[in-house]
Each structure stands twice: as C-alpha cells, then as structure tokens.
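Here's a quick briefing to read with the model open beside you. Take a look at the fold first, then come back for the details.

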Amino acid sequence: MNKFYHILKTLFLFGWSLFVVFPFLWALTTSFKDANAITSGATYIPWVDYEPSTQGWSSLFTTGSQGINIVGPFIDSAAVTLIASLVSLALGTLAAYGLSRFEYRLGFVKNSDITFFFISQRIMPPIVLAIPFFLMLKELGALDTIFGLVLVYIALLLPIAVWVMTDFFAGIPKELDEMAMTDGCSPIGAFFRVVLPNSVPGLVVAGMFCLIFGWNDFFFAFTLTFTETQLLPVSIVSLNSSVTPWWSLSAFALISVAPLACVAVIVERYMSRGTMSGAIR
Amino acid sequence: MLQVDQLTTADSKVSLQDISFQFDAGNIYTILGRTGAGKTELLRALMGLNPLVEGDIQLDGQSIAKRPVKDRSMSLVYQQFINYPHLSVLDNVAFPLRRQGKRKAEAQSLAAKMLTTVGLGDFVQRRPAQLSGGQQQRVALARAMVKKSRILMLDEPLANLDYKLREQLREEFPRLVAGNDDSIILYTTTEPREAMELGNTMIVMTDGRIVASGPPAALFAHPPTKDAASVISDPPISFISGFVRSGALYFGEGQLAPNNGLQLPPDGPVTIALRPDAIEPGGAFNATIGLSEFSGSETIVHLDFDFGRAIMLVEGIETFEAGTRLSVSIQAEHLMLFASDGQNITIRTK
C-alpha cells in the first residue's frame with residue numbers, strides 16, 4: 001500500500017512539474033524558431049524538428065525595424081522595482097511592527113482600522129488611482145521619470161509589505177521583545193537585534209510580493225511614462241507589428257521572468273516556517 | 001533594598017491593588033498565589049513592562065518607577081522558557097553582557113562559565129530549539145543570572161517542565177542562585193510546597209493584593225486570613241460553617257466539634273478550617289466516602305459529612321470504596337477558626 005502510494009505521489013508530482021514547467025519549455029523552443037518553424041505545427045526538438053534561429057533573441061538587443069533594445073527598459077525596471085521594493089519593505093516593516101506591538105487609538109480609529117486603511121489602497125482598481133497619480137506627478141515634475149515611478153510604486157507596494165509583515169509579527173511572541181529589553185535593549189534595539197533577525201521568512205515573502213507586483217506592473221508604467229523612461233512590460237508593446245513576432249515575445253517572456261525566478265531560487269531556503277522554534281514554549 | 005509603595009496597575013487581566021512591601025537584599029522571596037492572583041503582574045510592574053497607575057518603586061532609596069526597562073538592574077525568567085532562537089546557546093547567554101558593553105570574547109567567556117554552572121557546558125554551540133525543555137529553561141536562567149542584576153525575578157520557572165525535571169531543578173535551584181548577597185530573588189509559583197521549600201519569606205497573593213507574608217513555616221502554621229489559608233494548603237484545606245455557643249464549638253447545624261487546646265471566641269458564627277491531616281480514620285464522626293485518590297505514598301479521601309465536605313489525608317496507599325460510610329476522628333490541634341470577616345482567630349491554649 002505504501003509503495004503504491006509512493007508511486008502515485010511520484011507520478012502526480014511529475015505530472016504537476018511538467019504542467020508548471022511546460023509553458024517555459026514551450027517559450028524556450030519558440031524563442032529559437034523563425035516564422036516558418038512557428039507556423040509549421042507543434043515542434044519541440046531543435047535540429048530534429050526545426051532549424052534553430054537566434055532571431056528572437058537578437059531582436060531584443062537591436063534597435064530599429066529589426067527589433068527593440070530592451071537593455072535600457074530592463075535596467076529602468078530593475079531600478080524602479082528594487083528601489084520601490086526596498087523602501088516599501090523598510091517602511092512597511094517598521095509600520096507593521098508598530099501596528100503589531102503598540103495600541104493606537106485616535107477617536108474611533110484603532111490598529112485594525114489603520115491596517116485596513118493600508119490594505120484598502122489595494123482594493124481600489126488601478127484606474128481610480130491613475131488620474132490622481134498623474135496629476136500629482138505632473139505637479140512634482142516627476143512624470144516620465146524613474147523617481148516618479150518609484151514614488152508611485154512605493155504607494156502600491158507599501159500596503160503589501162505592511163499586510164504581510166503585520167501578520168508575521170503577530171506570530172512572534174511579544175515576550176521576545178520584552179526579554180530583549182530586560183536584557184538591556186531599548187525598544188528599537190529589541191526590534192533590530194531580536195525581532196528583525198527572526199523575521200527573515202516574513203521579509204523574504206513580503207520582498208518577493210513587492211518584487212513580483214513591481215516588476216510585472218504594466219498599467220502605471222504605461223500611463224505615467226512617455227518617451228524618457230520605459231519599463232520592461234511597456235517595451236514589449238512596441239514589438240507588435242502586422243505580424244506578431246512570437247519568437248521575440250517568447251525570448252522577451254523568458255528574460256522578464258528570469259530575474260524573479262533567480263531571486264526565488266536564492267531566497268527559497270529562507271522562506272521555510274519554524275524559525276521561531278526554540279523561542280518560546 | 002527594594003521598596004514598593006502603593007503599587008497599583010490597571011491591566012486588562014489582573015490589576016495590582018495598592019501593594020506595599022519591602023524586599024531586603026540577600027533573600028529569596030517566594031510569591032504564592034493561584035492563577036490570576038497577580039503574581040506575574042507584580043513582576044512585570046516591577047520590571048517596567050506594565051505601566052503603573054499609582055505608586056512608586058525604590059531601589060536602594062532611589063525611585064526607579066520611571067526608568068526604562070533596560071536600566072532597572074532586574075532580570076526576568078519567564079514561565080515559557082524564552083530564548084533567542086537565532087542565536088546559539090552561548091550567544092544567548094552572552095547577549096545581555098554584550099548589551100552591558102562587554103567585549104565579545106569577555107562576554108562569551110563569562111557566558112561559558114555560567115553555562116557550565118547550570119550544567120550546559122557541552123551545549124554552547126547548539127541552538128535553543130535543539131535542547132530539551134529543561135535545558136532551554138536553564139539557558140534562560142543562565143542568561144538572567146549572568147547579568148548579576150540586583151533583582152532576579154523568576155516567574156513560575158518550573159511550571160512548564162515535567163515532574164522529574166521540576167524536582168531536579170527545584171533541588172538545584174538554591175545552589176544555582178547562591179553566592180550573591182546583594183541580590184534579591186523573587187520567585188512566583190502556584191505550588192505551596194515549592195514556595196515553602198525555596199523561600200526565606202513567602203508572600204501570598206489573591207486578587208492583585210498581598211494577603212499574607214512571612215517565614216513559610218509560621219505562615220503555614222498560622223495563616224492570617226481564610227484566603228491565605230486556602231492558597232497555602234496543599235492538599236486543599238476544607239472550610240466548614242460552625243458556631244460557638246456557651247463555650248462549645250459546633251459544626252453546621254449543631255454537631256459538637258472538638259475544641260480541646262483551643263481558646264474559643266465569644267458566641268457567634270465561625271468558619272472551622274480542617275486541614276487534611278486533622279481527620280483520621282476511626283472515631284465519632286461519620287462520613288460518606290466521595291472519592292479516594294492516590295498521591296505518591298499518600299491517599300487523599302474526599303468525605304461528605306452531614307455538616308459539609310472535607311478532605312482526609314491517609315499515610316500509605318489504602319483503598320476506600322466510594323459511597324460507603326466511614327467513621328473518622330477530628331483532631332482539634334489541627335483545626336483553625338476564622339471570623340466572618342475572614343481573619344484567623346485561632347488561639348491555642350497549649
């Protein structure tokens with residue numbers, strides 16, 4: 001029975017892995033095809049099924065009618081996403097710690113209302129925020145700049161960081177902070193020396209969410225930029241012509257997924273639960 | 001010397017009510033009380049973790065009520081063995097020393113010595129999660145003691161340990177905390193035996209107040225109030241309504257109670273307290289056996305008298321069948337009398 005269960009589990013996991021990985025394999029093979037290979041049915045093995053071509057990849061690093069150069073947008077995207085994610089994570093973590101450890105009350109407004117206020121920013125559809133953001137950035141002279149986009153993305157990512165970290169800090173016993181204070185830390189010292197080192201899984205999860213949302217955003221990158229600044233999701237639009245260049249789109253898709261996949265692989269080990277074992281019994 | 005004056009807090013669970021007490025250096029004070037009596041609240045208030053509504057805390061004549069937690073020269077060991085999970089056992093114990101400004105090597109050297117004292121010299125590089133419950137609590141104890149604080153507070157430190165470990169650590173405890181005549185040790189517990197065994201002075205708390213204090217033996221022999229008697233006694237003391245009339249003591253509706261060796265108060269109602277060892281098998285009183293349970297080498301028998309319920313403690317393991325009648329005697333030398341306001345009015349003539 002156990003052996004049967006083991007085989008069944010292995011088969012299921014293998015099938016599921018195939019299901020998850022298949023789109024990437026498909027994109028990878030497509031990125032090495034030309035127009036003829038793409039229109040001649042489903043083929044998978046280069047040199048056997050089709051003659052590989054690097055046209056899809058080279059078109060992403062040339063300018064003019066042959067393609068677009070994505071190096072600039074890639075760097076812009078990376079800069080905006082990284083800066084906005086780091087700032088959101090830093091501010092969000094501090095805000096979440098405050099919300100999880102101290103009781104605030106202003107009239108009828110309590111901690112839960114403040115937390116909801118943060119989350120409510122993500123409830124609104126982006127289009128509602130587009131015009132206010134546009135007008136504010138225009139007033140600041142920050143339209144079509146990396147600085148402007150960073151500001152907007154911080155506003156978008158901060159609620160995610162606050163939400164994830166508030167939940168995470170709620171799972172860290174308050175006694176741990178108190179213990180640190182009795183051992184000679186100030187309240188802020190207890191946060192940095194004890195709470196933060198034990199919050200790595202939460203920080204990683206919040207950071208990953210920020211990176212994913214920031215990196216993949218199209219709407220604000222599209223509405224708040226024109227010519228000077230262009231982020232990766234927007235630059236792909238310029239690839240469209242009378243013939244859809246599937247080879248370039250596939251190569252582009254792989255390039256845009258690669259950074260997040262690399263980060264996920266690197267930080268995966270820090271996402272495990274159970275780091276608080278041994279803290280309190 | 002730690003002086004506490006009219007300490008009052010307003011915590012949502014238990015509030016301290018006007019607590020005043022003087023703790024002298026070199027003593028171990030055991031604070032005994034049931035769950036919710038305010039023991040932890042008192043330690044947290046002294047530590048500065050719970051705000052005071054009123055009152056003052058003075059250490060060697062200087063008020064420390066407004067000092068930050070870290071500047072109070074106090075250590076606290078929690079009931080729940082709290083350690084820093086991201087640090088090794090050695091760094092856990094060195095942590096407070098590093099905060100005191102000691103260099104890493106010096107802090108680690110002192111921490112290693114302290115860990116050897118508590119029997120964890122071979123576990124310095126492990127993480128707390130890799131230790132057993134008893135070892136984790138030793139780490140917490142070592143971290144609290146290594147600081148050499150003026151006041152060491154232990155909040156039911158053995159409560160979460162299994163029986164064997166509890167017994168072992170209880171035996172070791174006096175050795176572990178010995179050798180610092182300047183320090184004051186406050187040890188809270190719900191167990192009367194532990195409180196009497198470990199403390200020079202026992203403090204009894206109920207409902208956020210100190211209801212009795214003094215040397216354990218004296219307090220046990222003559223608890224000042226009914227509440228204190230109830231908290232101190234283990235197995236539980238039984239309280240039975242009675243009255244005094246014409247120089248005689250009566251249970252309940254009028255059954256004559258023994259009073260030899262007791263100076264009776266004037267006529268009126270009293271509460272008669274029966275310690276479990278005041279009742280012995282064989283005698284003039286009849287009771288129905290309710291429940292009998294073994295407790296190590298003793299048998300605890302719950303008895304239903306016509307005038308109320310009481311518990312009898314019998315040496316050795318004996319079987320008492322529930323529902324059967326049993327004749328018992330009540331020893332007057334183990335009786336106590338309490339007035340209607342709860343004050344102990346027992347006066348022995350011999």
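This is a predicted model: local features need pLDDT of at least 70, side-chain atom pairs count only at pLDDT 80 or more; totals for chains, interfaces and linings use all residues.

- Chain B has an open sheet of six strands, in the order S6-S7-S8-S3-S9-S10, and the pairing is mixed.
- Strand S6 (74–77) and strand S10 (209–214) of chain B sit at the edges with a single partner strand each, so one side of each has no neighbour in the sheet.
- From one strand to the next, the twist averages 20°.
- S7 (residues 151–155) and S8 (residues 184–189) of chain B run parallel and are joined by five bridges. Across that pair, Met153(B) stands opposite Leu186(B) in S8(B).
- Helix H4 (residues 133–146) of chain B packs on the sheet, where it touches S6 and S7 of chain B. The direction of H4(B) makes about 175° with that of S6(B).

**Where the chains meet**

- Chain B puts 27 residues into the contact and chain A puts in 20 residues.
- On the chain B side, the elements giving two or more residues are S6, helix H2 (89–99) and H4.
- Sorted by class, that side of chain B has 15 nonpolar, eight polar and four charged residues.

**The nonpolar core**

- The largest nonpolar core has 146 residues. Those with the most contacts inside it are Ala161(A), Val93(B), Ala142(B), Met153(B) and Val204(B).
- Helix H7 (residues 146–170) of chain A gives the most to this core, with 16 residues.
- Leaving out residues up to four places away in sequence, Ala161(A) touches Ser88(A), Leu89(A), Gly92(A), Thr93(A), Ala206(A) and Cys210(A).

**Helix H8 of chain A**

- Seven of the nine residues of H8 (residues 174–182) of chain A are buried, so this helix is largely enclosed by the rest of the structure.
- The buried ones are Leu176(A), Asp177(A), Glu178(A), Met179(A), Ala180(A), Met181(A) and Thr182(A).
- Those buried residues pack against helix H4 (71–101) and helix H9 (187–195) of chain A, and also against helix H1 (39–47) and S6 of chain B.
- After H8(A) comes Gly184(A), with a positive phi near 110°.

Note on methods
Residues are numbered from 1 along each chain as its sequence is written. Chains are lettered from A and ligands numbered from 1 in the order in which they are written. Two strands pair if DSSP finds at least two bridges between them. Helices (H or I, at least four residues) and strands (E, at least two) are DSSP runs, numbered from the N terminus. Axes are lines fitted to C-alpha atoms, for helices over the stretch in contact, and angles run from 0 to 180 degrees between N-to-C directions. Two residues are in contact if their C-beta atoms, placed from the backbone, lie within 7 Å. Ala, Val, Leu, Ile, Met, Phe, Trp, Tyr, Cys and Pro count as nonpolar, Asp, Glu, Lys and Arg as charged, and the others, Gly among them, as polar. A nonpolar core is a set of buried Ala, Val, Leu, Ile, Met, Phe, Trp, Tyr and Cys residues joined through C-beta atoms within 7 Å. A residue is buried if 20 or more other C-beta atoms lie within 10 Å of its own, exposed if 12 or fewer, and partly exposed in between; C-beta atoms are placed from the backbone.
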